[in-house]
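Here is a short report for a reader new to this structure. Start with the picture, then read on.

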Amino acid sequence: MTITRKIHGVPVQWETLPALVAARAAQHGDAPRLTVAGRAMSYRELDGESSRVAANLHRLGVRRGDRVACFLRNAPEHLLTWVAAGKLGAIWVPLNAGLVGEDLVHTLTNATPAVLVVDGELAERVEAVAERLPPMRVYAVEDGDGGTGGRFRPFADLLEPGHPLPVVEVCGGDPAVIISPPACPRARFCRISPGSRRGCATSRRSRRGRTTSITRS
């Protein structure tokens, strides 16, 4: 593929995050290159595990354009879900871990994710407002005590092997991420009513600058 773009002066040959991860997996193999919340990972592990998550999300009915939200503190599962969503052409929705009560209800109602991934601690906040949320599947990451947030299924279910990963054509201009205010620098353009804002959707190409550290690995 001809190099036609640069990010911070670094030439790149990829348009999407999954393509970048696959390229780095081929380049670095099993060598540990990432550390997330204390876990060292290789790009091959990231590529393989995110493919299993993507296959299971597809099994659950997630398709191109659907939203997959993460209500997590720093965790490997956050990265796996982000890459998995990209492999399906789904839109990743990272939520502020400080959301609670009415703010959490508003954000999830606005985002309408097909799947929500939470950690054991934040799952309690979701449970507290569950009756006010739109329908969605919720998967919880085990906490240090092995708990998964009560009523929710464990994230480990999304790592089960044996399910086919579909081939989805994804390009750099496709919607990739919805960022809720105040993280979105264009939030002032997304206001829909006083005191209420929608998140900003960004493309897969526009998010590439956030992953420059991977290109330099």
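## Helix H1: length

At 1.5 Å a residue, the twelve residues of helix H1, residues 17-28, should span 16 Å. The model is a predicted one.

## Helix H1: its buried side

Which residues of H1 are buried? They are Leu 17, Pro 18, Leu 20, Val 21, Arg 24, Ala 25 and His 28. These residues cover an arc of only 160° around the axis, which puts them on the same side of H1.

An α-helix has 3.6 residues a turn, so residues three or four places apart point the same way.

After H1 comes Gly 29. The phi of Gly 29 is positive, near 60°.

## Ala 37: positive phi in a loop

Ala 37 is not a glycine, yet its phi is positive, about 50°. Where does Ala 37 lie? It sits in the loop between strand S3 (32-36) and strand S4 (39-42).

Is Ala 37 buried or exposed? Ala 37 has a relative accessible area of 56%. The cut-off for exposed is over 50%, so Ala 37 counts as exposed.

## Thr 112: positive phi in another loop

Thr 112 also has a positive phi, about 45°, although it is not a glycine. Its loop runs between helix H4 (101-111) and strand S7 (115-119).

The relative accessibility of Thr 112 is 42%.

Note on methods
Residues are numbered from 1 along each chain as its sequence is written. This is a predicted model: local features need pLDDT of at least 70, side-chain atom pairs count only at pLDDT 80 or more; totals for chains, interfaces and linings use all residues. Side-chain values use heavy atoms; hydrogens and water are left out. Helices (H or I, at least four residues) and strands (E, at least two) are DSSP runs, numbered from the N terminus. The expected span of a helix is 1.5 Å times one less than its number of residues. Buried means under 20% relative accessible area, exposed over 50%, partly exposed in between (1.4 Å probe, protein chains only). The arc is that of the directions from the helix axis to the C-beta atoms.
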